[in-house]
Amino acid sequence: MSRGGAAPKGKKKTSTFTIDCSKPVEDKIMDITSFEKFLQDRIKVGGKTGVLGDTITITREKNKIIVTAETAFSKRYLKYLTKKYLKKHNVRDWLRVIASNKDRSIYELRYFNIAENEAEEED
């Protein structure tokens with residue numbers, strides 16, 4: 001009885017993740033080109049940064065960044081890198097990374113609800 005035999009050959013599994021940066025980019029808090037460059041420099045493939053090759057592509061469409069991976073790629077790793085970018089640019093206190101309710105392969109950058117927190121403190 002053998003376990004984990006050879007994977008069946010066929011189509012490669014591609015995963016596509018989207019990061020929606022529309023709110024902070026419209027408010028000019030964040031520069032989407034620098035975020036795209038940050039991801040290209042920091043994503044590790046085979047334990048090495050900056051060597052994306054043909055396996056991972058990063059594209060920008062207006063205020064969204066689309067990461068397409070032909071290898072195993074973690075959505076959680078993308079969230080980690082996004083948080084790291086926000087911290088580096090000192091906007092982590094105002095923005096958070098949330099998975100979209102409609103499509104789970106989309107991350108959105110949203111503002112913290114400060115008005116709700118102030119109302120709770122007054123009570």
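Predicted model: local features only at pLDDT ≥ 70, side-chain atom pairs only at ≥ 80, totals over all residues.

Lys 62 counts as exposed, because its relative accessibility is 78%, and here exposed means over 50% relative accessible area, buried means under 20%, and partly exposed lies in between, all with a 1.4 Å probe and with protein chains only. Lys 62 sits in the loop between strand 4 (56-61) and strand 5, and although Lys 62 is not a glycine, its phi is positive, at about 55°. Most residues other than glycine have a negative phi. Asn 90 also has a positive phi of about 55° without being a glycine, and it lies in the loop between helix 3 and strand 6. With a relative accessible area of 57%, Asn 90 is exposed.

Residues are numbered from 1 along each chain as its sequence is written, and side-chain values use heavy atoms, with hydrogens and water left out.

Now the overall layout. The chain has four helices and seven strands, in the order β-α-α-β-β-β-β-α-β-β-α from the N terminus; helices (H or I, at least four residues) and strands (E, at least two) are DSSP runs, numbered from the N terminus. Of the 123 residues in the chain, 32% are buried.

Let us turn to helix 3, which covers residues 75-88. Its 14 residues reach 20 Å from the first C-alpha to the last, close to the 20 Å expected at 1.5 Å a residue, where the expected span is 1.5 Å times one less than the number of residues. Which residues of helix 3 are buried? They are Leu 78, Lys 79, Leu 81, Thr 82, Tyr 85 and Leu 86, and because they cover an arc of only 165° around the axis, they lie on the same side of helix 3; the arc is that of the directions from the helix axis to the C-beta atoms. An α-helix has 3.6 residues a turn, so residues three or four places apart point the same way. The face turned away from the buried side of helix 3 carries the exposed residues Arg 76, Lys 87 and Lys 88. What covers the buried residues includes strand 1 (15-20), helix 2 (32-42), strand 5 (64-69), strand 6 (95-99) and strand 7 (106-111).

Finally, strand 7 pairs with strand 1 in the parallel sense over three bridges, and two strands pair if DSSP finds at least two bridges between them. Ile 19 stands opposite Tyr 107 in strand 7. Strand 6 and strand 7 run antiparallel, joined by five bridges, and they form a hairpin with six residues between them. Arg 96 has Arg 110 in strand 7 as its bridge partner.

Setting aside residues up to four places away in sequence, Glu 108 touches Asp 20, Arg 96, Val 97, Ile 98 and Ser 100, where contact means heavy atoms within 4.5 Å.
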